[in-house]
Amino acid sequence: MKTREWLTPGLYGVACGAIAVTVIGFNWGGWVTGGTAQPMATDQSRTEVVTALTSICLDQSKRDPQLAERIVLLKAASSYERGDLVLKNGWATMPGTTEGNRLVAIACADKVGV
């Protein structure tokens, strides 16, 4: 079977173009594989949930009758102890749960102690 003379260079052009588009897309176009996208989505959703629950924590802290004394203790504590204080105060325990969320407590401590 005889092929036309333009077919071989055309197929080489298609192959080279596909490789170029793939390299450009993954390096500079923002394309990712499913294995990379899953952890990215998990991290993003975790961040959004902590942000949403932090507002509940702040509201619970404002309802605390001993807020003034506890803020003084919170400001006096080191940065790594503040989350534990918020957990101990019960501000990071969401309604319907029995245990506090450590990530929410840390985020809440940063905002309450300001």
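**Entry 1: Arg70**

I looked up Arg70 and found it partly exposed, because its relative accessible area is 22%. The cut-offs I use: buried is under 20% relative accessible area, exposed is over 50%, and partly exposed is in between (1.4 Å probe, protein chains only). Arg70 lies in helix H3. Helices here are DSSP runs of H or I with at least four residues, strands are runs of E with at least two, and both are numbered from the N terminus.

This is a predicted model, where local features need pLDDT of at least 70, side-chain atom pairs count only at pLDDT 80 or more, and totals for chains, interfaces and linings use all residues. Residues are numbered from 1 along each chain as its sequence is written, and side-chain values use heavy atoms, with hydrogens and water left out.

Leaving aside residues up to four places away in sequence, I listed what Arg70 touches: Asp64, Asn89 and Trp91. Contact means heavy atoms within 4.5 Å. I also checked Arg70 against Leu53: they are 17 residues apart along the chain, and their C-alpha atoms are separated by 20 Å.

**Entry 2: Glu69**

Glu69 is also found in helix H3. I noted a relative accessibility of 49%, so Glu69 counts as partly exposed. From Glu69 to Glu99 I count 30 residues in sequence and 23 Å in space, C-alpha to C-alpha.

**Entry 3: H3 against H4**

Helix H3 covers residues 67-76, and its axis comes within 9 Å of the axis of H4, crossing at roughly 155°. H3 is therefore roughly antiparallel to H4. Axes are lines fitted to C-alpha atoms, for helices over the stretch in contact, and angles run from 0 to 180 degrees between N-to-C directions. Angles under 35 degrees count as roughly parallel, over 145 as roughly antiparallel, 65 to 115 as roughly perpendicular, and the rest as oblique.

Which residues meet here? On the H3 side I found Arg70, Leu73, Leu74 and Lys75; on the H4 side, Arg82, Leu85, Val86 and Asn89. I sorted the residues of this contact into four nonpolar, one polar and three charged. In this sorting Ala, Val, Leu, Ile, Met, Phe, Trp, Tyr, Cys and Pro are nonpolar, Asp, Glu, Lys and Arg are charged, and the others, Gly among them, are polar.

**Entry 4: H4 against H5**

H4 and H5 pack at about 110°, with axes 8 Å apart. They are therefore roughly perpendicular to each other. H4 brings Arg82, Gly83, Asp84, Val86 and Leu87, and H5 brings Arg102, Ala105, Ile106, Cys108 and Ala109. By class I get six nonpolar, one polar and three charged residues.

**Entry 5: H2 against H5**

For H2 and H5 I read an angle of about 55° and axes 8 Å apart. That pair is therefore oblique. The contact includes Val50, Leu53 and Cys57 of H2, and Val104, Ala107 and Cys108 of H5. Its residues divide into nine nonpolar, two polar and two charged.

**Entry 6: the core**

Of its 14 residues, Cys57, Leu74, Val86, Ala92 and Val104 touch the most other members. Helices H2 (34-62), H4 (82-89) and H5 (102-112) each supply at least two residues. H5 gives the most, with five.

What does Cys57 touch, residues up to four places away in sequence aside? I found Val86, Trp91, Ala92, Met94, Val104 and Cys108.

How values were computed. A nonpolar core is a set of buried Ala, Val, Leu, Ile, Met, Phe, Trp, Tyr and Cys residues joined through side-chain atoms within 4.5 Å.
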